[in-house]
Amino acid sequence: MESVTAVFAGTALTLFGAALLVWTGARALHRAPVAHGVSPVASTALTTLFGVVFLGLGVWVFTHV
């Protein structure tokens, strides 16, 4: 039963991290703001950092299933 929970959590984290990285990449490619009212460099860097962190956490959960 706990492996089902881990698979769900790993899937959610991995999908969120990947989607965040794809969305950030698309916004940066079109030179559109990632977050309004914030420095473009800071918002792109932080969003990329959090995308990588969530993707890494999802992969880490999958390795422990």
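Tutor: We'll go from the overall fold to a couple of residues.

Student: What should I know before reading any values?
Tutor: It's a predicted model, where local features need pLDDT of at least 70, side-chain atom pairs count only at pLDDT 80 or more, and totals for chains, interfaces and linings use all residues. Residues are numbered from 1 along each chain as its sequence is written, and side-chain values use heavy atoms, with hydrogens and water left out.

Student: Switching to residues: where is Thr24, and is it buried or exposed?
Tutor: Thr24 sits in helix 1, residues 2-29. Thr24 is buried, at 3% relative accessible area (buried is under 20%, exposed over 50%, partly exposed in between, with a 1.4 Å probe and protein chains only).

Student: Which residues does Thr24 touch?
Tutor: Leaving out residues up to four places away in sequence, Val34, Thr44, Thr47 and Thr48; contact means heavy atoms within 4.5 Å.

Student: What about Phe50?
Tutor: Phe50 is in helix 2, residues 40-63, and counts as partly exposed at 44% relative accessibility.

Student: How much of the chain is buried, then?
Tutor: Of its 65 residues, 18% count as buried.

Definitions and conventions:
Helix = DSSP H or I, 4+ residues; strand = E, 2+ residues; numbered from the N terminus.
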